[in-house]
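Hi there,

Here is the structure I promised to pass on. My notes on it follow below; have a look when you get a moment.

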Amino acid sequence: MSLLNVKNVTAKVAEQNILKGLNLEVKAGEVHAIMGPNGSGKSTLANILAGKPGYEVTSGSVEFDGHDISDWEPHERAHAGIFLAFQYPVEIPGVSNMEFLKASLDAKAFANKQEQTNAAAFIKQARSLAESLDLNPDFLKRGVNEGFSGGEKKRNEILQLLLLQPRLAVLDETDSGLDIDALQVVAEGVNRFRNDNNGVVLITHYQRLLDYIVPDYVHVLADGKIVQSGDKSLALELEKKGYAWLT
Amino acid sequence: MSHSVDDLVKSNAEYQAGFISNIESDTIPPGLDESVVRFISAKKGEPQWLTEWRLEAYTKWREMTAPEWAHVHFPPVDFESISYYSAPKDMSDGPKSLAEVDPELLRTYEKLGIPLHEQEALAGVIQSRPNVAVDAVFDSVSIATTFKDKLAEAGVVFCPISEAVHSHPELVQKYLGSVVPKGDNFYAALNSAVFSDGSFVYIPKGVRCPMELSTYFRINERNTGQFERTLIIADEGSHVSYLEGCTAPMRDENQLHAAVVELVALGDAQIKYSTVQNWYPGDENGKGGIYNFVTKRGLCAGARSKISWTQVETGSAITWKYPSVVLRGDHSVGEFYSVALTNNRQQADTGTKMIHMGKDTRSTIISKGISTGRSENSYRGLVRISPTASGARNFTQCDSLLIGDTCGAHTFPYIENSNTQAIVEHEATTSKVSEDQLFACQQRGIDPEKAVSMIVNGFCKEVFKELPMEFAVEAGKLLEVSLEGAVG
């Protein structure tokens, strides 16, 4: 059974039609890269999956784990296992990372009728994840993304991914604004996350991320539709030729 | 399907302290003249000087007009329609032992989570406030003060002010009105004329008060005002931490609360005064609620003394309140930490005054205003550096947080610096709980209600950390309740 099944979805944002009949199926164990020019609808796809207010599915359906989730609230989707790594992570001043991470973890456990992680085990886990992502453990005490550099913000997204262990990770241009060292750390984190039970949708502008996270499929999104699909060699072709030959 | 911030700003807040206690009261007829002032004074068996003091205040009040400069709007208060004295019937012959107090009164405080039985408090039956001495003021009278004996061992006096007038007349006469003169302002003059009860605290030289002191104010009777008066004197080198809480039933008419609080810190003394103000704020359409018109001022009389005000203001239909510090002693320190949250139709005009007179005096002001619903929230603060205050320093930070787009936040800072060697810094920010923040929390599984509360608590963190431990927890919870309207 597919983990994610986007069937012929059209969607609009602020009265503008952005997605115009998009199909995408992701099975457990697969990594799908979505590439495409600016304004093709990549971020809209990410936000539609997460249920961001203001993004409206006008026809078609989004199924997750066999359920039509079109009417689900964003936090309900998160509880079910959909995770979105943000392109521009927001700052939440005064709320420490530690507090935020624990609240996320607890909310998910509560919704799924699981036991809460005890505080000591949680702190230990959060510290070791931070270390593995080259984040100073002190960062856990700081406000969520408060005064973080671009690279720190993105690594923080990956830390949340590894902590929450979702079923489906949607990474919205996580590579943007990263230098090569940070890119490797982030890619290594995503690779650590990958397993046979989860899926990844990797939205990116550039081929270089795919040198580190090797996708099973590459799709090209243009004007709200997937216009070409292939394996990782498609990304290399795009790198050479650009998008113009497809649109 | 999804919540936007605007959707969340629906008003359905539940005021949990809004019940009415069925207590038979002696309430005098509405209206104010000399005979009412004399009646109150006689009721308390006050000495001649105090009766006269009240009458002078009354005469001044008659000549004054209500202040209109605050950024709040309400129809003029009809002072003739208010009753100026109300006491539970069985209390009218003076305070009795707890065993004789009307059980309904005790139940009222039980419901509010205020322990009046010392044994229970000691045993920690009521978890929220272990080992805190409480003075409970119900309408115009104090009904019980706990832990008096234990405090007496340390030489600490903690009793109703009406009792202190008799037991410690020299202290009361010396300090009453010494910080807030009886003609200070319209509401202070009114209070001076008709004040009924409140707490009196004296900490002797060099004593660190062995427990937190607190007063819990409750307005119950209809058409009454509450005019309490608190006087705290910290003698040289002493320390005290004092907490104050307030609630009132939900009633359709507005009720007036015009208190005066005076603090005196002698050399090297420290007073920490914390308030969690949760008067009934009125309903979502602005009907009913308390008018909280309060004068609070502290005098750092001696060198190296320190006065710190921390307030969490979530209640009242209208708040008009500027807890201030007069820094007279050299090297004295004044602090003001404030969280003011307004929802629905609430209006708050609150802030502080730091008056620097002594050399090398320091003051810190941290103000956090949160507005939601259709409320208006203003910070108004004065920092005055006198010519004598060489080396004085002030740091002010005013942050406003808006939830939704039908509320208002305003900042009115006044700086009067007459000393070129003083340093005054002011920072101000205004931000909104953004849709993006809310969505980011939701995407991580945190529901919108919890998310808003977390964001607001984060915003207030610098102030909450100044509150005594058990109060900080309470304040966080109170904020959550007060935000209920804002979060669906």
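B:Gly45, with a positive phi near 60 degrees, follows H2(B); helices here are DSSP runs of H or I with at least four residues, and strands are runs of E with at least two, numbered from the N terminus.

Before going on: this is a predicted model, where local features need pLDDT of at least 70 and side-chain atom pairs count only at pLDDT 80 or more, while totals for chains, interfaces and linings use all residues. Residues are numbered from 1 along each chain as its sequence is written, chains are lettered from A and ligands numbered from 1 in the order in which they are written, and side-chain values use heavy atoms, leaving out hydrogens and water.

Back to H2(B), residues 34-43: B:Val36, B:Val37, B:Ile40 and B:Ser41 are buried there (under 20% relative accessible area; exposed is over 50%, partly exposed in between, with a 1.4 Å probe and protein chains only). These residues lie on the same side of H2(B) because they cover an arc of only 135 degrees around the axis, taken from the directions from the helix axis to the C-beta atoms.

There are 32 salt bridges over all chains, each a side-chain nitrogen of Lys or Arg within 4 Å of a carboxyl oxygen of Asp or Glu. One of them joins B:Arg380 and B:Asp349 at 2.7 Å, N to O. This pair links strand S20 to strand S18 of chain B, 31 residues apart. B:Arg380 is buried at 9%, and B:Asp349 is buried at 0%.

Best wishes
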